[in-house]
Amino acid sequence: MDTEWASGTLLEREALNSRKPGVLLYMLTYASDGLKVKGYLAVPEAAVPCRALIFCRGGIRKVGMPRKRRIMSMAARGYVVFAPFYRGNMGGEGRDEFGGEDRYDICHAITLVQSLPEVKPGPVPLIGFSRGGFMALLAAKQCEGAGPVVFWGGVSDLFATYEERVDLRRMLKRVVGHPRKDEEAYKSRSPVYWIQEIHVPVLIVHGTEDTLVSVSHAWTLAEGLKQAGKPYKIELYEGLGHRFPRKSDEQALDSAFAWITNKLEQMDITY
């Protein structure tokens, strides 16, 4: 492991084939706690310099990897979009810990995108999908420069996930631990336990028929934010599951990006 780079330093930028006109696609390698971590970068040519946005993927290892089409679709809305794979994935160094030390890969991704010539200065919003939901809120809690968060189909209580997803228990016990023996590891990955430490606006997006992450996660987080007096909005999509069909996904992205843009404008006025 080479620790000579400052975290957030761009180490390599490889151009990839883009199938979306007007959007450039790259594979980036950057430094995170002395490790080389990789991710996709999508750049809307006509819009630069523009705001950056971090997409926090779901799943673990090969399951839930960011899809190029979706990253480029986001970028076409006028944002430079970076989707880190997290450490230990796609040739990156280290180990994916499902929200352990790999949470800092998001913090350092914020530093990375803020250094890119295509990016305007300012807060960096995050869209977190599934497991990426709590990764995004962890970044908002811990990292300078994090902007508003879209919590999309997100896990707000990992204890509940352990109970609901019998198929994930082996992975969770191996990577995170047992919820009774490793209670703090579960709490640290569960935003409902540290809502008071969230200081950015949150948009909760969830399908009502999600069988992988129950819509109860959305309601529990929303209720916690409400009780804590935190700014939030919830958008539920009736009859939709964990991954939305393309047309519904694009509509939900339109709504999410309109919300993000509005919140960034308010932050510009405030700060």
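The protein chain exposes about 11,800 Å², and carbon and sulfur atoms supply 49% of that area. Keep in mind that this is a predicted model.

Let's start with the whole chain. Buried residues make up 56% of the 271 residues. Here are some overall values:

| Property of the protein chain | Value |
|---|---|
| Box filled by the C-alpha atoms, along the principal axes | roughly 45 × 40 × 35 Å |
| Distance between the mean positions of the 36 positive and 32 negative charges | 4 Å |

What about contacts along the chain? Of those with a separation of 6 or more, 69% are between residues 24 or more positions apart.

Now zoom in on one residue, I127, which sits in strand 6 (residues 124-129). Is I127 buried or exposed? Its relative accessible area is 0%, and buried means under 20%, so I127 counts as buried. Leaving aside neighbours within four places in sequence, I127 is in contact with L53, I54, F55, C56, M74, V150, W152, F257 and I260. As for P66, it lies 61 residues from I127 along the chain, and their C-alpha atoms are separated by 12 Å.

The buried ones are R70, I71, M72, S73, M74 and A75.

Note on methods:
Residues are numbered from 1 along each chain as its sequence is written. This is a predicted model: local features need pLDDT of at least 70, side-chain atom pairs count only at pLDDT 80 or more; totals for chains, interfaces and linings use all residues. Side-chain values use heavy atoms; hydrogens and water are left out. Helices (H or I, at least four residues) and strands (E, at least two) are DSSP runs, numbered from the N terminus. Buried means under 20% relative accessible area, exposed over 50%, partly exposed in between (1.4 Å probe, protein chains only). Contact means heavy atoms within 4.5 Å. Accessible areas come from the Shrake-Rupley method with a 1.4 Å probe; for residues, only the protein chains shown count as cover. Lys and Arg count as positive and Asp and Glu as negative; His and the chain ends are not counted. The place of a charge is taken as NZ of Lys, CZ of Arg, CG of Asp or CD of Glu.
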